[in-house]
Amino acid sequence: MADAFGAIRAVARAELRVGWRATLLMGLVFGLVAGIVLGGIGLAGRTASAYPRLVDAVHLDDARALVAADQPQLAAAVPSLPAVAQARTDQAWIAQIDGPALRFVSIGAPTTEHDGLVEPVIVDGRAPARGAPDEVTLSEPLAQSSGLGIGATLTLRMLTLDQVSMFDVGFGPPAGSTTTVRVVGIARMPAWGGALANVQAGPAFAAKFLPDIVGYAIYARFTAEPDAAQRFGAAFARTAAVVDQISPSVVSQYLPHTVELPSATVDPSVRAAEQVLVGGLIVFVVVLALGGLQVLGQSMLRHHSARGATQRVESALGMRASERTAARALAAVGAAVVSGVLAGGVVLASGWLEPLGSQARFEPAPGFRPVWPLVVLGGIGTALVFVLVVAIAAAVAGRRRAAAVPPVRAAAVNPFRRWPAALLGMRLAMHGRVGRGGVPAVATVVAASLAMAGVVAAVAFGASLQRLVDTPARYGQAADLTIVDAREADIARIVADPRVAALDVGATGTAELADGEPLEVASRDVRKGHMPIAVAGGRMPTGPGEVAIGPRLASGLGLDVGDTIEVRRVQGGTVVLHIVGKAVLSSQNHGGIGDTAVVTPDVMRAIAPGQPLYDAAVLAVPGAADALFAELSQGLEVFQREVPTAVANLADLVTLPELLALVLAVVAGAGLVHALLTAGRRHAREVAVLSVLGATPGQVRATLAVMAATTVLPALVIGVPLGLGAARVLWWQLATATGVAGDLAVPGRLLIVIVPAVLAGALLLSLAPAARAARTPPAVALATG
Amino acid sequence: MQVSTSHEATARAMDVPLPDAVPEAAPGADGPGAPPPELVVRGLRKTYEAETAPVRALRGVDLTVGHGEFVALMGPSGSGKSTLLHLLAGLDRADEGSVTLAGVRTEELGGARLARLRRRHVGLVFQFFHLIDHMSALENVALAALVAGAKPAEATERARDLLDTLGLLEKQGERPAALSGGQRQRVAIARALANRPTLLLADEPTGALDSDGAAEVLDLFTRLHRDGQTILMVTHSADVAGGAQRIVRMRDGVLLDADTSGEPS
């Protein structure tokens, strides 16, 4: 055993002397690739876990409700309802804020201490001091949309409850208290809005402005029972019904007794964005890892195959295959350590990377956040994998040289091609490793096809994403301006304005399907021009028995164009509506996309009980939107087009597919370059034989060009349609989750360019081995090949 | 075996220079009316750069091979036999001297012209066969004809005829890995003959074969020579060289003598 180890050490020393540079170089390259792969895994983990970590960090509530100030008994009853383990009641205000445009904000403030329930993460500044009634924190979305930062002051003109009840008819100047507050912090939560006010104040504010409250924001945590949400919901509805009978609220139409379930309800666009980001990262990591392993394996195989004669001598001297392999693995230990350290260092540095794209908005602990287990174990694992690959390559190379080539029964003689270069070039491309180092041709084709598919899929997906972001109509924001509760007199004046290209008066309400499920419905009353509402399939409704439903609603109900839905009438009975299209509208209630069913105004009145929310959607002539907004917002509550959160999340991803495509293209390109160059070297003997037979330099170049083209063509033929198919599936899933149209934007120009470009690249690359063949006399190539 | 003899026509067709002087008649040539020699070598020198010191592989070689001759080039390992053969075939470039092949001086030819000259006049057989692994025996032979511009049907026909002549027709669909050493070498010889070369150069053609295989190959060379094929064979085996018409010995990069023991049969 000691003798064997002595021989192993001697051979390892000899290996080091001869090949330490190559091994060290491969160690550095592999360490870098492994570091990027592991860093990518860490980043994927940080990205995927950002949302749940934020949920934990803010002690997110299970249930949330907003109760009108004139129903305090309902607010007081909530903490003692079934399934409530912990509850907190804040006071709520609505205030008009000073600014260039009319704008209202909601304000929330706790009256008492609350222990571990709904504590927004302060990402900048601090929370309001307990005794300071003039300090507030802003939600990140409000801070971004208003441009207010730490130190900014804000004049709040509070509405009374009576004024809130007159939202649809107008109420004049705010009649509540007026105060000026200072922004001391910016707060982060998984989601804002509803019962959770965008402006958060402290207990001193709550005490000072108690007379002006318009409601109570109640947050609850459930007990651990599985049906806690259902029990709580039912109990809340019963209690609210009783309270409504005793003392109905004046703002019941604006504050329906609904319960939000924040911990159970995640914005689908958040999940979609997370899936896209993590999925993209995983593809990146897998491609890079496979590419790295292929390059390392191929290089090591070639490295050891070139020294096959040495192994034969060692074998003749009595060294077993395992000992020869062990010697080569031992020689690689130093390079392996270097690769491990480098990989660990790269992973450590990747701790600076914030979660990707929109998920960065959910990071509860921004800044350096290394994943130490990944740093340590990843580094060790990289070193071990490096040694393992070297050992496998050495073992394979040793066996190849030692064993006789098994006889192969050839297939029937194929008809020869007219062109000898085509005959030999294709054969060389299709036979990757007969007798010498290298990976099978099929592995190269599969890897290249997958990489090509990845590039095409990423580009097509990115193009679809870019088109969505660039086309507001595609996310239900066809109008430039939306005027809330516009009155007919105002509408008539705006219609007459020549700067207005189109104006629809919309109504939004809630109907019920035949089985009692709520259905948000909207109607569009066209007053001027044509509003370019996106229709993902079919058309908009024109008659009494027709409906166009949003893509997400259609997906949720399992319906498509041509199906029917049965909806309850206000007057009793039901009406069957034929789905004639899929219309993409943004909800006026909650901002969601693709959840709304669009009907004609007559049908709307027949199926939606209560007072609908009215708005006027205005499309300005090109270049007039800003001026129109400035003018109209002086007297009306006007909103400019806002990118919905779901689309904003996706907009953050726009560069990701492009980046992914670039990385994939670089990896695929590097892999292909490596494959073609090594194939050229590997087949140097065959090329020399061709010269011996009298092939001219031109014929040799042509042979190598055919070999290169034969290597990349299958990748194009397989990869392009595969990539388009993958992109179609991925985009459809994302579009459905987001509620937008699911048709893929096919990057036609790319597809036209990519095939000749890749082929041209391959042909150019083939010039390198051709030049080498021209430089190397055939006698030398035959002697060393 | 049909052999080309019109060197001037070759030179004209290939647009290559003729030698400055007509070389002397080769040993074994039949006098003034005989065809010119197939190969004339004058003052050939070649030095390889090595790690320690330059290796002078050829130190001024003069050699003439007449039309239809079977010459064996003998010498110990390292004497420069293979280097000489490679220079004669145009697989490497000499530092000094000239090689006149079929009346054409090869040192003045560019890569493409040299390739055309080689495909037309030279067939090469190696010790380790150098067949293309991914091709069948038939394809290996036909490839040479295709490279020379033969039409596919013609190349296939010619390859099939050669394999038939060499007793390998039933093996035409086999890849080299499935053939014995002797069979592989016969395929390599068939490939070398595919373009009806005027000169067959063989580098230790029996070196990787057992005695049966070696005898088989030697017998084949004898038959080819009998049919008029000019052959220059490198070997270190006296037994193998004994089958040749003339033996030329080589040591330390120079030719020692010219043995004319063998007569054309």
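Chain A of this predicted model has 24 helices and 20 strands. Of the 785 residues in chain A, 48% are buried. Take the contacts in chain A between residues at least 6 apart in sequence: 84% of these join residues at least 24 apart.

**Helices H21 and H22 of chain A**

- Helix H21 of chain A covers residues 697–738 and helix H22 of chain A covers residues 748–765; their axes come within 8 Å and cross at roughly 155°.
- Angles over 145 degrees count as roughly antiparallel, so H21(A) is roughly antiparallel to H22(A).
- The crossing of H21(A) and H22(A) is right-handed.
- On the H21(A) side, the residues that meet H22(A) are Ala705(A), Ala708(A), Ala709(A), Thr711(A), Val712(A), Leu716(A) and Val720(A).
- On the H22(A) side, their partners are Leu751(A), Val755(A), Val758(A), Leu759(A), Ala762(A), Leu763(A) and Leu765(A).
- By type, the residues of this contact of H21(A) with H22(A) are 13 nonpolar and 1 polar, with no charged residues.

**Helices H19 and H23 of chain A**

- Here the axes of helix H19 (residues 655–682) of chain A and helix H23 (residues 767–775) of chain A come within 9 Å, crossing at roughly 25°.
- Angles under 35 degrees count as roughly parallel, and H19(A) and H23(A) are therefore roughly parallel to each other.
- H19(A) and H23(A) make a right-handed crossing.
- Leu677(A), Gly680(A) and Arg681(A) are the residues of H19(A) in this contact, and they meet Ala768(A), Pro769(A) and Arg772(A) of H23(A).
- The contact of H19(A) with H23(A) divides into 3 nonpolar, 1 polar and 2 charged residues.

**Helix H6 of chain B**

- Over in chain B, helix H6 (residues 181–193) has 13 residues and reaches 18 Å from its first C-alpha to its last, close to the 18 Å expected at 1.5 Å a residue.
- H6(B) is largely enclosed by the rest of the structure, because 11 of its 13 residues are buried.
- Among the buried residues of H6(B) are Val187(B), Ala188(B), Ile189(B), Ala190(B), Ala192(B) and Leu193(B).
- The buried residues of H6(B) also include Gln183(B), Arg184(B), Gln185(B), Arg186(B) and Arg191(B).

Definitions and conventions
Residues numbered from 1 in each chain as written. Chains lettered and ligands numbered in written order. Predicted model: local features only at pLDDT ≥ 70, side-chain atom pairs only at ≥ 80, totals over all residues. Axes fitted to C-alpha atoms, helices over the stretch in contact; angles between N-to-C directions. Helix = DSSP H or I, 4+ residues; strand = E, 2+ residues; numbered from the N terminus. Parallel < 35°, antiparallel > 145°, perpendicular 65-115°, else oblique. Left-handed = near helix turned anticlockwise from the far one by under 90°. Contact = placed C-beta atoms within 7 Å. Nonpolar A, V, L, I, M, F, W, Y, C, P; charged D, E, K, R; others polar. Expected span 1.5 Å × (residues − 1). Buried ≥ 20, exposed ≤ 12 C-beta atoms within 10 Å, placed from the backbone.
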